[in-house]
Amino acid sequence: MINIRPVSDLRNKFPEIENIVLKSGEPVYLTKNGYGSMVVMSIEQYSALTDDIELKLDEADRAADSCDARYSGEEVFKRVKERIHHGRKAL
């Protein structure tokens with residue numbers, strides 16, 4: 001179940017929010033004036049979301065260091081769109 005709380009609960013009920021995040025392993029969504037404001041999650045949750053991205057960025061940095069080719073943002077997005085629309089052979 002999605003847990004949505006007012007952002008004031010972060011200040012007024014921090015131990016409760018912390019307990020929810022740590023015990024359930026689920027994030028708590030905070031609202032301000034009825035609109036989404038932020039998400040609170042455990043370090044483990046955050047790591048699970050970002051570890052693979054960090055590894056891929058490290059891999060890309062190593063590949064860039066071993067190659068002199070450089071592409072503009074426009075060329076990168078053009079190639080990505082081609083890859084999406086025409087399969088992997090576009091790159």
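Visitor: Which residue stands opposite P6 in β2?

Guide: Strands of a sheet pair through backbone hydrogen bonds, either parallel or antiparallel. Here P6 stands opposite T31 in β2. Residues are numbered from 1 along each chain as its sequence is written. This is a predicted model, where local features need pLDDT of at least 70, side-chain atom pairs count only at pLDDT 80 or more, and totals for chains, interfaces and linings use all residues.

Visitor: How many bridges join β1 to β2?

Guide: Two strands pair if DSSP finds at least two bridges between them; strands are DSSP runs of E, at least two residues long, numbered from the N terminus. Four bridges join β1 to β2, and these strands run parallel. Strand β2 (residues 28–32) is also joined to β3, by five bridges, in an antiparallel run. On that side T31 stands opposite G36 in β3.

Visitor: In what order do the strands lie in the open sheet?

Guide: The order is β1-β2-β3, with mixed pairing. Because β1 (3–6) and β3 (35–40) each have a single partner strand, they stand at the edges, and one side of each lacks a neighbour in the sheet.

Note on methods: Side-chain values use heavy atoms; hydrogens and water are left out.
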